[in-house]
Amino acid sequence: MSSARYGIVSRYGAVNAEENNEQIGSASAPPLPLFNRDAEILIACKCVRMFGFGFLSVMLALYLSELTFTAEKIGLMFTLTLLGDALISLGITTHADVFGRRKMLIAGALLAIVTTVVFITESNFWILTIAAMIGVITPSGNEIGPFMAIELSSLSQVTADASRTHLMAWYTLAGCLSSAVGALVCGFTLYFCQTADPALAELTSYRLVLIMYLGTQILLSALFINLSEKIEVPPAVEAKVGDMSNPVSVFLGLHKSKWLVLKLSA
């Protein structure tokens with residue numbers, strides 16, 4: 001479930017975009033290229049993450065079933081997972097501009113790593129459920145966690161106005177294709193594991209897939225670490241909203257667009 005589905009955006013998104021437009025439009029500021037290092041890393045992050053999500057979605061319910069969980073328990077786990085994702089995403093995305101976007105992205109990736117390790121090593125229902133609620137794991141293969149909202153705010157920061165829609169289209173397309181490829185690769189991997197070695201238990205093959213998924217989360221963390229300070233809120237923008245008593249008030253990370261976003265999210 002996408003954090004954008006809840007209408008969560010960068011805390012300073014509206015003011016930040018306005019400031020970014022002024023900087024890009026000024027005579028002294030050189031035009032930003034369509035693709036720059038940070039934009040390429042952010043799109044790569046989207047690809048790696050969605051590949052992993054698509055990869056995981058094929059076998060997650062089968063894995064839990066192999067752990068002898070009933071359909072009712074699996075449904076309960078997935079429901080609580082989505083609820084936990086909403087709360088974690090709300091907390092991280094609305095504080096990303098306070099503590100740093102890159103730090104919050106890394107924190108989200110580390111939560112995903114911890115959750116995956118727990119899923120590989122544990123078989124207790126409640127331990128897995130709690131890990132899924134506070135971590136990042138997708139039951140459906142769709143976008144989940146705080147990543148998308150922060151990445152989109154960062155992309156708009158490092159992209160010129162004329163290129164923004166073009167770049168967002170590539171960002172979305174890359175994610176969709178990566179998710180589809182991940183699901184396909186997972187299917188082939190499970191088929192190969194279970195036909196190449198008939199003695200290999202299904203549970204073991206599912207855990208091998210989880211280990212591969214863990215690798216995507218480690219790679220995602222490494223990509224986030226390589227983002228530059230350019231994705232952070234500029235000091236000039238931060239000063240405008242640093243005082244919560246000033247006219248630039250925010251609600252759940254939303255500024256002037258809060259009513260429109262809440263209406264679209266309803």
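1. Basis. Local features in this predicted model need pLDDT of at least 70 and side-chain atom pairs count only at pLDDT 80 or more, while totals for chains, interfaces and linings use all residues. Residues are numbered from 1 along each chain as its sequence is written, and side-chain values use heavy atoms, with hydrogens and water left out.

2. Overall fold. The chain has 12 helices and 0 strands; helices (H or I, at least four residues) and strands (E, at least two) are DSSP runs, numbered from the N terminus. Of the 266 residues, 48% are buried, where buried means under 20% relative accessible area, exposed over 50%, and partly exposed in between (1.4 Å probe, protein chains only). Among contacts with a separation of 6 or more, 81% are between residues 24 or more positions apart; contact means heavy atoms within 4.5 Å. The accessible surface is about 12500 Å², and carbon and sulfur atoms account for 70% of that surface; areas come from the Shrake-Rupley method with a 1.4 Å probe, and for residues only the protein chains shown count as cover.

3. Helix α7. In α7 (residues 125-134), the buried residues are Phe125, Leu128, Thr129, Ala131 and Ala132. These residues lie on the same side of α7 because they cover an arc of only 165° around the axis, the arc being that of the directions from the helix axis to the C-beta atoms. An α-helix has 3.6 residues a turn, so residues three or four places apart point the same way. The buried residues of α7 pack against α3 (60-66), α4 (71-93) and α6 (101-121). At the N-terminal end, Asn124 caps α7, with a side-chain oxygen 3.0 Å from the backbone nitrogen of Trp126.

4. Lys46 and Glu143. The structure holds 4 salt bridges, a salt bridge being a side-chain nitrogen of Lys or Arg within 4 Å of a carboxyl oxygen of Asp or Glu. One of them joins the side chains of Lys46 and Glu143 at 2.7 Å, N to O. Lys46 lies in helix α2 and Glu143 in the loop between α7 and α8 (147-157), so the pair ties together parts 97 residues apart in sequence. Lys46 is buried at 6% relative accessible area, and Glu143 is buried at 6%. Beyond its neighbours within four places in sequence, Lys46 is in contact with Glu143, Met148, Glu151, Tyr171 and Gly175.

5. Further salt bridges. Glu151 and Arg49 meet through their side chains at 2.7 Å, N to O. This pair links helix α8, which holds Glu151, to helix α2, which holds Arg49, across 102 residues. Glu151 is buried at 0% relative accessibility, and Arg49 is buried at 0%. Glu229 forms a salt bridge with Arg102, with the closest N and O atoms 3.9 Å apart. Glu229 is in the loop between α10 (202-225) and α11 (235-241) and Arg102 is in helix α6, so parts 127 residues apart in sequence are tied together. Glu229 is exposed at 56%, whereas Arg102 is partly exposed at 25%. Salt bridges that share partners join Lys46, Arg49, Glu143 and Glu151 into one network.

6. Surface features. Trp170, Leu173 and Leu177 form a nonpolar surface patch with about 310 Å² of accessible area together; patches are made of residues with over 30% relative accessible area and no salt bridge, like charges being joined within 9 Å and nonpolar side chains (Val, Leu, Ile, Met, Phe, Trp, Tyr) within 5 Å. Leu177 lies in helix α9 (residues 161-196) and is exposed at 51%. Thr68, in the loop between α3 and α4, has a positive phi near 70° in a residue other than glycine. Thr68 is exposed at 66% relative accessibility.

Notes. Polar contact = N/O pair within 3.5 Å; in protein donor to acceptor, adjacent residues only side chain to side chain.
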